[in-house]
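Please read this note with the sequence and the model open side by side.

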Amino acid sequence: MRLTIAALLLMVATTLGARAEEKTSMKYDLGVENPKWKFVAGQWGRRASGGRQVLAQTTETQPWAVAILEDQKFSDVDVSVRFRPISGKEDASGGIIFRAKDGRNYFLVRANALENNFRLYTLVNGKRSTIASARVTEPSLGAWHSIRVVALGPKIQAYLNGTLLLDHSDKTFADGWLGLWTKADSVTEFADLEVAGTVVK
C-alpha cells in the first residue's frame, strides 16, 4: 500500500508529538545538593531538621523568595511538598510554584501561618494576582504541613493537609518548571517534593 505525502507527514508529526511528551514520576530529596535548583531570590540552603536534612529559606526577602527547579518541564502535573513555617512577623508562608516560565512568570499555591486563607495566584512579569482563595484555619508555626497541586489542562485543584480547598480553571500558563516560594520575613523549611505528570521536551 502506497502512502501519500500527506499521510507520511501526518505519521511523522504524530510520532514527533508522541516523543515530545512523556509520563514520569519523581521524588526529590530536598536535603541533598542539586545543581538544577535555581535560587532566584532569597537565601536557600540545606540544614538539619528533625534528624534529617531539609531545604530552608532563612532570610527576609522582598517581596518574595523564589526557587525554580530547572529539571523537567511539566504540562499536566500532580505535585506535592511538605513545608514547616518556622517564624515570621510579616509573613510565615510556604508555597508550590508550577508551570513556571522563569522566576517572574508562574502559577503559585501558598499557605500562610499568619493568615486564614489558602490561595492560588498567577505571577506575570513579577505582578501577583489572586485567582482563587479559600478560608482555612492558619497552619500552625513549627509544624509540618503539606500542599498538593493537581493541574490538568486549565483545571487546577489545590489541597492543604490532604483537603481539597481550591478548584479553579485558568489558561495563563500551559507548562513549565516547578519551584518553591516564601514571602518577606518567612523562615520556612521544605521536604519531600514529589511529582507525577507529563514532561514537555
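The numbered points below go from the whole chain to single residues.

1. On the basis of the note: this is a predicted model, in which local features need pLDDT of at least 70 and side-chain atom pairs count only at pLDDT 80 or more, while totals for chains, interfaces and linings use all residues. Residues are numbered from 1 along each chain as its sequence is written, and side-chain values use heavy atoms, with hydrogens and water left out.

2. On the overall fold: the chain contains 1 helix and 14 strands, where helices (H or I, at least four residues) and strands (E, at least two) are DSSP runs numbered from the N terminus. The C-alpha trace spans about 70 × 35 × 30 Å along its principal axes.

3. On contacts across the sequence: a contact means heavy atoms within 4.5 Å. Among contacts between residues at least 6 apart in sequence, 67% join residues that are at least 24 apart.

4. On the aromatic rings: how many aromatic pairs does the structure hold? There are 6 aromatic pairs, and one of them joins F39 and W44, which are stacked at 6.0 Å centre to centre with 15° between the planes. Rings of Phe, Tyr and Trp (its six-membered ring) pair if their centres lie within 6.5 Å, and planes under 30 degrees apart count as stacked, over 60 as edge-to-face and the rest as tilted. F39 counts as partly exposed because its relative accessibility is 33%, whereas W44 is buried, with a relative accessible area of 8%. Ring pairs link W37, F39, W44 and F190 into a cluster.

5. On a second ring pair: F107 and F173 form an edge-to-face pair, 5.3 Å centre to centre and with 85° between the planes. This pair links distant parts of the chain, since F107 is in strand β7 (residues 105–112) and F173 is in the loop between β12 (163–169) and β13 (176–184), 66 residues apart. F107 counts as buried at 0% relative accessibility, and F173 is buried as well, with a relative accessible area of 7%.

6. On strand β6: S93 lies in this strand (residues 93–102) and is buried, with a relative accessible area of 0%. Which residues does S93 touch, not counting those up to four places away in sequence? They are R110, A111, N112, W181, T182, K183, S186 and T188. The C-alpha atoms of S93 and T182 are separated by 5.4 Å, although the two residues are 89 residues apart along the chain.

7. Q62 counts as partly exposed at 47% relative accessibility, and D76 counts as partly exposed at 26%. Leaving out residues up to four places away in sequence, Q62 touches E90 and A184, while D76 touches R99, A151, L152, G153, A196, G197 and T198. D76 and G197 are 121 residues apart along the chain, yet their C-alpha atoms are separated by 5.5 Å. Q62 and I86, by contrast, are 24 residues apart in sequence and 18 Å apart in space, C-alpha to C-alpha.

8. On backbone details to check: a cis peptide bond joins Q62 and P63, with omega about -5°. N125 is not a glycine, but has a positive phi of about 55°; N125 is in the loop between β8 (117–124) and β9 (127–135) and counts as exposed at 54% relative accessibility. D192, in strand β14 (residues 187–200), also has a positive phi, near 55°, and counts as partly exposed at 26% relative accessibility.

Notes
Buried < 20%, exposed > 50% of the residue type's maximum accessible area, 1.4 Å probe, protein only.
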